[in-house]
Every structure is written in structure tokens, then in C-alpha cells.
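This report describes a protein structure in plain terms. Please look at the sequence and the model before reading on.

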There are 2 protein chains.
Amino acid sequence: MVMKYGILYGIGVGPGDPYLMTVKGARVLERCRHVFVPKARSENGSIALAIAGRYLGAGCQVHELVFPMSDDRGELSLRWTEAARSVAGVLGTGEDACFLTLGDPFLYSTYIYLVRSLREQLPGVEAITVPGITAFSAAAAMAEFPVGEGRERVVIVPASDNLDTVGEALAGGGTVILMKVGKRLAAVLDLIEKAGFLDRAVYVSRAGLDGQQVATDLRKLRQERMEADYLSILLVHAGG
Amino acid sequence: MVMKYGILYGIGVGPGDPYLMTVKGARVLERCRHVFVPKARSENGSIALAIAGRYLGAGCQVHELVFPMSDDRGELSLRWTEAARSVAGVLGTGEDACFLTLGDPFLYSTYIYLVRSLREQLPGVEAITVPGITAFSAAAAMAEFPVGEGRERVVIVPASDNLDTVGEALAGGGTVILMKVGKRLAAVLDLIEKAGFLDRAVYVSRAGLDGQQVATDLRKLRQERMEADYLSILLVHAGG
């Protein structure tokens, strides 16, 4: 008897609005029996599960995986290995499993590390990835802010711990997308002001989730000197 | 009596696979009575309509808008104005209208120009944009190619007429996404080879459409010296 592994479905649930899931993602979830959901802290709920929950079939078992917000590469690597082991446990029985991820699975997502670690543990396993709406597409739609136009380039920078790269991107022209702004909001707004683009930028936080915020007056936002949610984004037109 | 304009729904239909439409986009289309679809030539069908056709309600009227592939800004501007006038004609009767767009509406899409022109003609008109899966997310999912990882930046460049910008992007590190490669494929592959990244790149053409192609051996692809489809993309890991 040849035992076949189950298939891993990596599903991007989009940035927040449950109806921004893809039809494909919703269909895969409807017949899914095991769904793995990432969350940042064991005592909190999973945002990805809150978004996709309505699509889960009745008999679906939810497995929570805790990925702490950490910069410790060693600890993170350990967590990914453990998470992949849990997923491999289900796939090893021949059953399929879904892994939910916010936004798009291959754009700054834990899914990248999970798949890598899973392939080390189960070489040859089949993984099918269902892309998701990125937070910047949702933010652009809400603020009616063109991201890519004509021949201009678009630069995406995760801004959480990367102020030099943010400055370089703003100096390089085109559209700059600053993701995961979080605690660095004030510093990032200072950089945008210094570059002269404060009137050509928008801020969107928690798009489609509770506490959603869309700000087009960044001078006012800057004066408030607040911290942003981790799920927040700045879109900047940085010139030709 | 106060006459209200209808609402414009700009709907990203994604890169090709009908099931990569969002649930929201599909629902809006189901109850839509007027749908505007862009196409490149009057004698060809609309790709966006082929993707989204299955979601249209029975009584929906399809309006075709021809946007020729042209570099002549004057001609393009005239076409956008005419297209916006057609859309305004429907909205002016108080009925809603949908406009379909490949990929995501605010990422290198005709929708940007259409909305701009429409707002000149009907100031204060309501437009609701439904984001779509970008071609690069679909390509990344097919090739299992991480796009954004850790602190690295991502640069998106429309490659069709932009070889200098392509070279600069490759020199800048992170992940480089080259969209709409088309006729410049051979020249772009030469640049990637020169930068030393030919083994760290993938090519995806017509993702989810007839004639789909996924190539991970770019040395072989380069030897073939072929032209690519307009709807083709290169993803390149350009180093730290």
C-alpha cells in the first residue's frame, strides 16, 4: 500500500473584509477538515480565522499556531519548525490541511517560512497556494489612490524596523508603499514630511477590520503623534 | 425631485482564473445591470469579460470599450474621455454600472484614468472599488516564489518600455517584479543574466488563462529568444 500525504492549501484571506476572500479560497475552506490558523499571542483570537470563519464547513477542526512577534531569529525558526510539524502530522494521515494567512501568502507572510520548513520535513509534499488581496490593494481602493501608473515604479517596504530603507525608497520616486508601520508611524511621517510628500500620501489602518481608519490629511495625523496598529499602511506618491 | 447618479463599481477580476475573483466582486456582478468591459481591439474579445462572465446576472447588458495599446498620450486621453462619457451616460440615468479590470484596479490599470476622467465629467459621483488579485501574487503562488520576506523591499516595474528602470531595480536588491514584459523579454533576460540573478528568477505568462506558462529554468527560456505575451511577469530575487 502506498500512503499519500494530504495536500497543504495555503490560503490568503485578504486584509480584513471577509468578502475580499477569493471564490477559490472560500470553496477550498468549505470542504476543508483541518484548518491551521496563525495568531500572535496564545490569549488572543486569530485575525485570519475571524475573517475566514464564515466559510468553514461544519466538521472542520481548527488548529491554532502561535507565532509571537519576535525579532529573535532562533526563536522564530523554532516556532516555524514546530508549526510545520503540526501541519505535517495531519498531512501524514493522508488528510488535506489549510493554512490561513492575512493578505497574500507570499508577501511578508509567515506562510513562506511554514512552507519552507514543511518541505524540509516532508520533501515532495504537495502545496497549493491560493493568492489573497494584499493590504495595499485594499487601502488603494478605499482611498482611491492609484498605486502603479504609466512607467512609474512601485516600491514596497516593511517599515517596522527599516527607516533607512524607507528614506531611500522615498528618494527614488514612483509610488512607495510602507507596510506594517506600527510603532514607527511618527518617525515615518517625519521622513515623508522631510521628503515633501505629506500632501501626496494616505494612511489606512486595519482595512476592513474593527477600528478601520482611513486618513488623507497626514499633517493632522502627524500632529497627533500616535502609534499605529501593526496592520497599517502608508501609500505615498514620491514623484517622477 | 432630486435625481441621484448611479454608483460606479470598479472591479478587479484578478489575473485569469475566474475563481480568483473576490467573493465581493462576484456578488456585485450578480446583481449588476450594466457592465463595462475594456478590450484592446474591437475585433477581439475582452479578457476581463471572459474571466468574469460566469458571474454576470441574466439581465446584464455588456458595454464594450476599446482601449488601443498606444503610446500616444493624446489619443489615449481622448479614448478615456469617451469611455468615461459612456459610463456617465448610464450613471446619469440613476442606474449603477460596473467596470471590469484585469488584476487590481489601482495597479497599472486603465481604471485609474477612467475614474479620473469620470470625476471631471460627474463631480461628486460615488465610486466603489473592489480590489483584485494582482498578477504577481498569482505568479508567486504558482511558482512558490516568496515575493516579500523579512525586511527586504519589493520593487515593481512595468518592463515594457523601461529598460533603464529595470536595470536600476535589479541593482537595488530585494525582490524585483517585472510586469508586462512582452516584446522586451529577451532584453530583460539579458539584464537579469548580467546582474547574476538568472538562477533566482521565475517567469509566468498568462496566469490562469489559455496558454499559461510557468518557467523556472530561465537559462533555457533565454536561449529560446522568444517574445512574451503582454500578460507576462518575471519575479527576481535580486539579493540583500
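**Chain A as a whole**

The model is predicted. Chain A contains eight helices and 10 strands. Its radius of gyration is 19 Å, close to the 18 Å that the globule rule gives for 240 residues, so chain A is as compact as a globular protein of that length. Along the principal axes, the C-alpha atoms of chain A fill a box of roughly 65 × 40 × 35 Å. Of its 240 residues, 52% count as buried. Among contacts in chain A with a separation of 6 or more, 73% are between residues 24 or more positions apart.

Seven residues of domain 1 of chain A and eight residues of domain 2 of chain A take part in the contact. On the domain 1 side, the residues are three nonpolar, three polar and one charged.

**Helix H7 of chain A**

Helix H7 of chain A covers residues 185-195, and its buried residues are A:Leu185, A:Val188, A:Leu189, A:Leu191 and A:Ile192. They lie on the same side of H7(A) because they cover an arc of only 155° around the axis. An α-helix has 3.6 residues a turn, so residues three or four places apart point the same way. A:Ala187 and A:Lys194 are exposed on the other side of H7(A).

What covers the buried residues of H7(A)? The table gives elements of chain A that are included in this cover.

| Element of chain A | Residues |
|---|---|
| helix H6 | 163-171 |
| strand E7 | 175-179 |
| strand E8 | 201-205 |
| helix H8 | 218-223 |
| strand E10 | 232-237 |

After H7(A) comes A:Gly196, which has a positive phi, near 85°.

**Contact with chain B**

How many residues of chain A are in contact with chain B? There are 42 of them, and they touch 42 residues of chain B. Elements that give two or more residues to this side of chain A include helix H1 (23-30), helix H4 (110-121) and helix H5 (135-143). The largest share, five residues, comes from E6(A). By class, the side of chain A that touches chain B has 27 nonpolar, seven polar and eight charged residues.

E6(A) and strand E6 (residues 154-158) of chain B run antiparallel and are joined by three bridges. In one pair, A:Ile156 has B:Val154 of E6(B) as its bridge partner.

Technical notes:
Residues are numbered from 1 along each chain as its sequence is written. Chains are lettered from A and ligands numbered from 1 in the order in which they are written. This is a predicted model: local features need pLDDT of at least 70, side-chain atom pairs count only at pLDDT 80 or more; totals for chains, interfaces and linings use all residues. Two residues are in contact if their C-beta atoms, placed from the backbone, lie within 7 Å. Ala, Val, Leu, Ile, Met, Phe, Trp, Tyr, Cys and Pro count as nonpolar, Asp, Glu, Lys and Arg as charged, and the others, Gly among them, as polar. Helices (H or I, at least four residues) and strands (E, at least two) are DSSP runs, numbered from the N terminus. The radius of gyration is taken over C-alpha atoms; the globule rule is 2.2 Å times the number of residues to the power 0.38. A residue is buried if 20 or more other C-beta atoms lie within 10 Å of its own, exposed if 12 or fewer, and partly exposed in between; C-beta atoms are placed from the backbone. The arc is that of the directions from the helix axis to the C-beta atoms. Two strands pair if DSSP finds at least two bridges between them.
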